[in-house]
Amino acid sequence: MEPISLQTALASFTEQWSPRIVTTVNDYDVRVAKVEGEHLWHVHEDTDEFFLVLAGELHIALREAAGERTMVLPKGSVFTVPRGTEHKPYAHVLTEILVFEPTGTLSVGDRHDEVPDHVDATTGHALT
């Protein structure tokens with residue numbers, strides 16, 4: 001076990017919407033990703049999804065019983081999407097995020113729209 005630099009981890013890849021697993025905590029992955037543009041509407045039925053914005057600004061559109069709303073997360077902000085909530089992350093500029101969710105959680109959720117070519121449907125990639 002050695003410390004992991006998040007900046008070094010982020011510098012090790014260029015792909016967007018393609019998270020890398022930097023470590024695990026119990027049964028959870030800590031993943032980093034670079035994002036720009038839109039992800040897709042999706043739902044994680046059985047787990048919350050935690051976001052921390054490391055650089056840039058992340059928007060998360062939410063579809064809730066009361067209607068749609070968008071959360072804006074500037075650098076340094078955290079937000080947890082509750083399980084069962086349909087959501088779509090997007091970023092107007094290149095943004096770096098850290099995501100915390102159970103190991104094996106698919107990046108496009110359990111239920112989702114058609115996956116566009118620029119989104120990697122994955123349970124996370126190991127750092128190289």
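Two strands pair if DSSP finds at least two bridges between them. Strands are DSSP runs (E, at least two residues), numbered from the N terminus. By that rule, strand S4 (residues 49-55) pairs with S7 in the antiparallel sense over 4 bridges. The model is predicted: local features need pLDDT of at least 70, side-chain atom pairs count only at pLDDT 80 or more, and totals for chains, interfaces and linings use all residues. Residues are numbered from 1 along each chain as its sequence is written, and side-chain values use heavy atoms, with hydrogens and water left out.

**Strand S7**
- In a regular strand the side chains alternate between the two faces of the sheet.
- S7 (residues 78-81) has Phe79 and Val81 on its covered face, with Val78 and Thr80 on the uncovered one.
- Val78 in S7 is the bridge partner of Leu52.

**Salt bridges**
- The whole structure holds 9 salt bridges (a side-chain nitrogen of Lys or Arg within 4 Å of a carboxyl oxygen of Asp or Glu).
- Arg20 and Glu15 form one of them, at 2.8 Å, N to O.
- Arg20 is buried at 11% relative accessibility (buried means under 20% relative accessible area, exposed over 50%, partly exposed in between; 1.4 Å probe, protein chains only).
- Glu15 is partly exposed at 40%.

**Links across the sequence**
- Arg31 and Glu101 meet in a salt bridge at 2.8 Å, N to O.
- Arg31 lies in strand S2 (residues 28-38) and Glu101 in strand S8 (residues 86-102), so the pair ties together parts 70 residues apart in sequence.
- Both Arg31 and Glu101 are buried.
- Asp48 and Arg83 also form a salt bridge, at 3.5 Å, N to O.
- Asp48 sits in the loop between strand S3 (42-43) and S4, and Arg83 in the loop between S7 and S8, 35 residues apart.
- Asp48 is partly exposed at 31% relative accessibility, and Arg83 is partly exposed at 48%.
- Salt bridges with shared partners join Asp29, Arg31 and Glu101 into one network.
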